[in-house]
Amino acid sequence: MTVYNVTIDGTEHRLELETAAGGWRCRLDGREVEINAVLARPDFLSVIMEGKAYPIKRERVEADWRIWIGDQSYTAEVRDPRSLRGRKQRPDHGQGARQLVAPMPGKVVRFLVGENSTVEAGQGIVVVEAMKMQNEIKSPKKGIVLKLVVAEGAAVNAGDVLAIVE
Amino acid sequence: MFKKILIANRGEIGVRVIRACRELGILSVAVYSEVDRLSPHVLNADEAYPIGAASATESYLNGERILDVAKRCGADALHPGYGFLSENAKFAQACTDAGLKFIGPSAASMEMMGSKTRARQEMEKAGVRFVPGTSRALESVRQAKEVAAQIGYPVMLKAAAGGGGKGMRLVTSAQELQPALEASQGEAQRAFGDGEVYLEKAILNPRHIEMQILADERGNTVYLGERECSIQRRHQKVLEEAPSPLVDSEMRRQMGEVALRVAKAAGYSNAGTIEFLVDQEKNFYFLEMNTRLQVEHPVTELITGLDLVEWQIRIAAGEELPFQQKDVLIRGHAMECRIYAEDPDNNYFPSPGKVTMLLTPAGPGIRLDSGVYEGWTVPIDYDPLLAKLVGYGQDRAQAVSRLVRALDEFFVAGIKTNLGLFRRILAEEDFLSGNVDTGYLERLLGGAEPARSESSAREGAASLAAIAAAVFAALDATPKAVTNAAVSRDSASNQGEGAADAGVSGWKRAARLEGLR
């Protein structure tokens with residue numbers, strides 16, 4: 001059984017998975033769960049659980065995964081203690097540190113908080129001006145602003161790192 | 001009939017016009033900017049020519065370059081779509097001067113109705129009732145204050161040269177008037193190159209109801225029913241429907257006849273739309289005329305059974321309308337959702353980028369006019385309209401239930417969209433009872449966030465999400481041959497080792513095959 005530590009919307013879960021007889025054996029937080037899960041196409045998993053059918057999609061959002069069930073989405077972080085792959089996929093600066101990236105090309109107007117400030121998830125960190133509108137870029141998590149990577153007035157491209165929050 | 005039409009546009013409307021050309025056996029020519037090389041309108045056209053850098057001014061607004069392409073490829077007509085050059089009288093004239101038939105009204109009617117102040121002057125002459133206010137640009141703060149005092153506050157300042165909310169200001173008292181006027185003029189100058197501003201009575205919570213007309217070049221004009229377009233955000237339409245839940249057949253007849261008067265006063269031909277503001281007492285006032293095809297034309301097509309783009313082309317080719325007003329029948333109900341690449345959690349800021357997954361709806365009563373496909377990158381340079389999802393049913397309730405079902409089938413990954421907004425609107429009480437006005441959406445968005453799903457349901461789903469996330473990760477790490485899909489394929493195909501190998505690691509299988517060679 002491979003063990004995965006999965007964090008969904010901030011809550012940690014322990015998943016034990018192994019392939020068995022053309023399907024999966026699965027234990028979620030110690031509880032045995034019967035599932036039939038088949039990949040229909042990349043990032044699209046058809047799950048049948050206790051007779052109920054769920055088309056589940058996966059979306060990459062910046063450095064995270066988002067799992068979609070119907071019109072609801074859940075942020076997901078998966079750590080496979082056995083392989084390095086899980087960790088390498090996320091451009092991380094250490095346990096739990098997250099990057100704040102520019103969603104589109106623009107100019108950094110001002111920072112709303114300083115380095116070492118404590119922030120809440122969703123709190124505005126920096127204002128970027130693009131397409132004649134000002135856009136507040138929000139913190140992806142609750143934590144401390146480790147570093148403000150660009151300076152006020154800097155021109156940024158989509159994907160450029162603006163700040164790091166731990 | 002035309003042999004070749006150049007479409008001076010892009011995105012979903014580019015595809016729409018190409019489809020009409022296909023159905024009429026006419027060759028279609030696409031023009032594309034640097035970022036649109038792989039845009040669906042380019043992929044679907046018969047011919048395609050590059051016209052410049054990404055910015056609209058360099059490409060889709062560059063009339064000279066477009067006319068140059070028309071000349072080179074031998075197009076005999078041009079369809080301007082909506083936006084861009086579609087209401088540019090100079091461009092329409094330049095087409096005519098170049099011997100290229102412009103599919104739309106004459107430059108003269110465009111000019112008359114294109115300036116909001118001029119349109120009001122003409123409507124005054126034609127005896128068409130419009131929203132009380134000035135018909136000429138405001139000359140001074142003093143004049144503005146006089147008119148405002150006369151018609152009574154609140155008043156609305158508006159730009160004569162264009163719409164989309166630019167240059168608009170609501171003024172509730174005399175003290176606010178001067179700063180509002182200055183701001184309005186500045187904004188209009190920047191947006192349209194014309195700082196002309198006029199003033200109208202602000203009708204409280206009006207409904208925006210518009211009437212579609214079609215006129216051939218022989219003087220025959222008909223109205224094709226109204227559209228309710230009150231669901232707007234920052235003066236941009238988001239959801240439209242036909243017919244309007246407010247309008248009965250008598251009101252339709254009255255509005256239709258006023259619309260015909262307007263069209264005749266403007267010497268109008270081809271497709272056009274007359275916009276009205278309707279107050280709480282069901283009085284309707286002429287607001288403005290759009291001298292082009294509109295984004296929301298599909299809802300009218302569905303309830304009348306007429307293909308508006310096809311008729312635009314036929315009219316431009318000199319054909320006479322073979323039907324009369326009495327032949328125009330309205331049947332059923334249609335509703336359109338404008339799907340935009342916008343981030344609803346960030347004030348609907350445009351959200352361009354690569355569409356990594358796209359699952360689209362189909363089935364009874366569903367029409368999708370799309371300008372995107374999976375794998376394509378939505379550019380930042382243009383209006384972020386991705387697609388129009390239209391539901392049609394025998395009545396409003398069925399149109400709604402079909403749309404709700406279709407929204408469940410719709411999935412976009414890689415960019416943010418306003419899909420969630422429609423789920424909210426289509427479940428909301430006032431909307432479902434047809435009780436809307438132009439303030440509706442701002443009120444809905446400004447109100448309380450909808451309650452998140454029941455916590456137990458969401459908890460259950462979170463467990464499922466955890467399982468799915470782990471399964472995805474396990475599949476990411478596994479060599480392809482061992483995925484369940486490959487396993488079921490192998491068991492079914494019975495090649496050589498066949499079923500006995502089901503579930504065996506790909507490495508072992510490959511090794512076995514090697515060993516047996």
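What follows covers the nonpolar cores, a helix pair and a sheet of this predicted model. Local features need pLDDT of at least 70 and side-chain atom pairs count only at pLDDT 80 or more, while totals for chains, interfaces and linings use all residues. Residues are numbered from 1 along each chain as its sequence is written, with chains lettered from A and ligands numbered from 1 in the order in which they are written.

Start with the cores, meaning sets of buried Ala, Val, Leu, Ile, Met, Phe, Trp, Tyr and Cys residues joined through C-beta atoms within 7 Å; buried means 20 or more other C-beta atoms within 10 Å of a residue's own, with C-beta atoms placed from the backbone. The largest holds 95 residues, and B:Ile5, B:Leu6, B:Leu78, B:Ile213 and B:Phe276 touch the most other members. Helix α1 of chain B (residues 11-24) is the top contributor, giving six residues; helices here are DSSP runs of H or I, at least four residues, and strands are runs of E, at least two, numbered from the N terminus. Apart from that core lies another, of 67 residues, including A:Leu15 and B:Ile231.

As for the helix pair, the axes (lines fitted to C-alpha atoms over the stretch in contact, with angles from 0 to 180 degrees between N-to-C directions) of α4 (89-97) and α5 (107-114) of chain B come within 8 Å and cross at roughly 180°. That makes α4(B) roughly antiparallel to α5(B), a label for angles over 145 degrees.

Then there's the sheet: eight strands of chain B, open and antiparallel, ordered β13-β12-β9-β10-β11-β14-β21-β19. Strands count as paired if DSSP finds at least two bridges between them. At the edges sit β13 (284-290) and β19 (366-370) of chain B, and the twist averages 25° from one strand to the next.

Methods: A residue is buried if 20 or more other C-beta atoms lie within 10 Å of its own, exposed if 12 or fewer, and partly exposed in between; C-beta atoms are placed from the backbone. Angles under 35 degrees count as roughly parallel, over 145 as roughly antiparallel, 65 to 115 as roughly perpendicular and the rest as oblique.
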